[in-house]
Amino acid sequence: WEKILFVKRKKDPFKETWVLPGGHIDDGEKDEDAVVREIKEEVGLDIKPTYFGSYDESYPEFSWKAIVSVFIGSYDKKKKAKVASKGELSEIKWFNASEIDNLNVGFDHKRIVLEYLNEI
């Protein structure tokens, strides 16, 4: 692995925290197709996703419940990620593993990334 891409949220829940890019699945859409679409919409990259795992996210204080499918993605390294979804994100950044412990991460994304790093 090289680095992990995080995006900073501009809206609640978890406003101003770093999270993994992604979003909701449209009706009738497959998980894999949704992650390709969401990454293109949010950071402008075309990815080839590989399934990593599923996680239950529940935050009653925000009336938030979701089953999160996590994918690892490869992409053309000549392309640069950029904030493509200006309404939802304020910035994007690639982080090294050593930077993640001190990062203000929203949802359960820090645990997910640390699990991934422990498996590779």
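Q: Is F107 buried or exposed in this model?
A: Buried. In this predicted model, F107 has a relative accessible area of 11%.

Q: Where does F107 sit?
A: F107 is in the loop between α2 (97-100) and α3 (109-119).

Q: What about the phi of F107?
A: Phi of F107 is positive, about 55°, although F107 is not a glycine. Most residues other than glycine have a negative phi.

Q: How many aromatic pairs does the structure hold?
A: Eleven. One of them joins F14 and Y59.

Q: What is the geometry of F14 and Y59?
A: Edge-to-face. The centres are 5.2 Å apart, with 75° between the planes.

Q: Which parts does that pair tie together?
A: F14 lies in the loop between β1 (4-9) and β2 (18-19), and Y59 lies in strand β3 (residues 47-59). The pair therefore ties together parts that are 45 residues apart in sequence.

Q: Are F14 and Y59 buried or exposed?
A: F14 is buried, and Y59 is buried too. For Y59 the relative accessible area is 13%.

Q: And how does Y59 pair with F62?
A: Their ring centres are 6.4 Å apart and their planes stand at 50°, so the pair is tilted. F62 is partly exposed, at 39% relative accessibility.

Q: What sits over the ring of Y75?
A: The charged end of K77, at 4.4 Å from the ring centre.

Q: Back to the loop between β1 and β2. Where is the cis peptide bond?
A: From D12 to P13, with omega near -5°. P13 lies in the loop between β1 and β2. Most peptide bonds are trans.

Q: What is the phi of E16?
A: Near 70°, a positive value in a residue other than glycine. E16 is also found in the loop between β1 and β2. E16 is partly exposed, with a relative accessible area of 42%.

Q: New topic: helix α1. How many residues does α1 have, and what is its reach?
A: Helix α1 (residues 31-43) has 13 residues. From first C-alpha to last it reaches 18 Å, close to the 18 Å expected at 1.5 Å a residue.

Q: Which residues of α1 are buried?
A: A34, V35, E38, I39, E42 and V43.

Q: Where do those buried residues fall around the axis of α1?
A: Within an arc of 125° seen down the axis, so they line one face of the helix.

Q: Why would residues three or four places apart point the same way?
A: Because an α-helix has 3.6 residues a turn.

Q: What covers the buried residues of α1?
A: The cover includes β1, β3, β4 (64-75) and β5 (89-95).

Q: And what comes just after α1?
A: G44, which takes a positive phi of about 75°.

Q: Switching to charges. How many salt bridges are in the whole structure?
A: Nine. Among them, E91 and K8 meet through their side chains at 3.7 Å, N to O.

Q: Which parts do E91 and K8 tie together?
A: E91 lies in strand β5 and K8 in strand β1, so the pair ties together parts that are 83 residues apart in sequence.

Q: Is K8 buried or exposed?
A: Buried, with a relative accessible area of 16%. E91 is partly exposed, at 34%.

Q: What does D56 pair with?
A: D56 forms a salt bridge with K65, and the closest N and O atoms are 3.0 Å apart. D56 is partly exposed at 45% relative accessibility. K65 is exposed, with a relative accessible area of 59%.

Q: And what does D108 meet in a salt bridge?
A: R111, at 2.7 Å, N to O. D108 is partly exposed, with a relative accessible area of 24%. R111 is partly exposed too, at 34% relative accessibility.

Key. Residues are numbered from 1 along each chain as its sequence is written. This is a predicted model: local features need pLDDT of at least 70, side-chain atom pairs count only at pLDDT 80 or more; totals for chains, interfaces and linings use all residues. Side-chain values use heavy atoms; hydrogens and water are left out. Rings of Phe, Tyr and Trp (its six-membered ring) pair if their centres lie within 6.5 Å; planes under 30 degrees apart count as stacked, over 60 as edge-to-face and the rest as tilted. Helices (H or I, at least four residues) and strands (E, at least two) are DSSP runs, numbered from the N terminus. Buried means under 20% relative accessible area, exposed over 50%, partly exposed in between (1.4 Å probe, protein chains only). A charge sits over a ring if NZ of Lys or CZ of Arg is within 6 Å of the ring centre and within 35 degrees of the ring normal. The expected span of a helix is 1.5 Å times one less than its number of residues. The arc is that of the directions from the helix axis to the C-beta atoms. Contact means heavy atoms within 4.5 Å. A salt bridge is a side-chain nitrogen of Lys or Arg within 4 Å of a carboxyl oxygen of Asp or Glu.
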